[in-house]
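Please examine the sequence and the structure shown below.

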Amino acid sequence: VLDYANREHKQYFVYLNSLGGWDSFLAYGESSYNFTLSNQQVYHPIPLNYQTWQGDMSDVGATIRDKFVVSTSFYSLEQLRVRFRDFFVSEYKYRYIDGHCYPISITSKEFSEGSDGQNYYKHDFEYQFAFENPVFD
């Protein structure tokens, strides 16, 4: 289905559904982003002619893990409960970005239903990429 509506913060997701076929959906609306930094600090021996601008400590082994919170967009209650349960439990989930599929992992544990007041509902969920890059994630 082609969707030409002007929507902000579009994110496309692809997953293997419980029937063995590939399925996709468009999430749009408010989203948020944060990341966690993991690193180790090492201390260097201070040389005889040490000056403070040289520093005696540096960060090594840094990895960054990106996390995103996104909304499923609004659907009927039946669509929301059936379709997205299938997405959340799928073993193969991807975020489609610029012609490439990047594996993701859902990190949310609870999913409450938000309502727009007109019998349409949504879930907000948190995910991260399912790979770790020691330089950039």
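## Strand pairing

Two strands pair if DSSP finds at least two bridges between them. Strands (E, at least two residues) and helices (H or I, at least four) are DSSP runs, numbered from the N terminus.

The model is predicted: local features need pLDDT of at least 70, side-chain atom pairs count only at pLDDT 80 or more, and totals for chains, interfaces and linings use all residues. Residues are numbered from 1 along each chain as its sequence is written, and side-chain values use heavy atoms, with hydrogens and water left out.

Strand β5 (residues 93-97) runs antiparallel to β1, joined by four bridges; here Phe13 stands opposite Arg95. β5 also pairs with β6 in the antiparallel sense, again over four bridges, and Tyr96 faces Cys101 of β6. The hairpin of β5 and β6 has two residues between the strands, and Asp98 takes a positive phi near 50 degrees.

## The nonpolar core

A nonpolar core is a set of buried (under 20% relative accessible area, 1.4 Å probe, protein chains only) Ala, Val, Leu, Ile, Met, Phe, Trp, Tyr and Cys residues joined through side-chain atoms within 4.5 Å. The largest one has 16 residues, and those with the most contacts inside it are Phe13, Phe25, Phe87, Phe125 and Tyr127. Elements that each supply at least two residues of this core include β1 (11-16), β6 (100-106) and α1 (77-89); α1 gives the most, with four residues.

Note on methods: Buried < 20%, exposed > 50% of the residue type's maximum accessible area, 1.4 Å probe, protein only.
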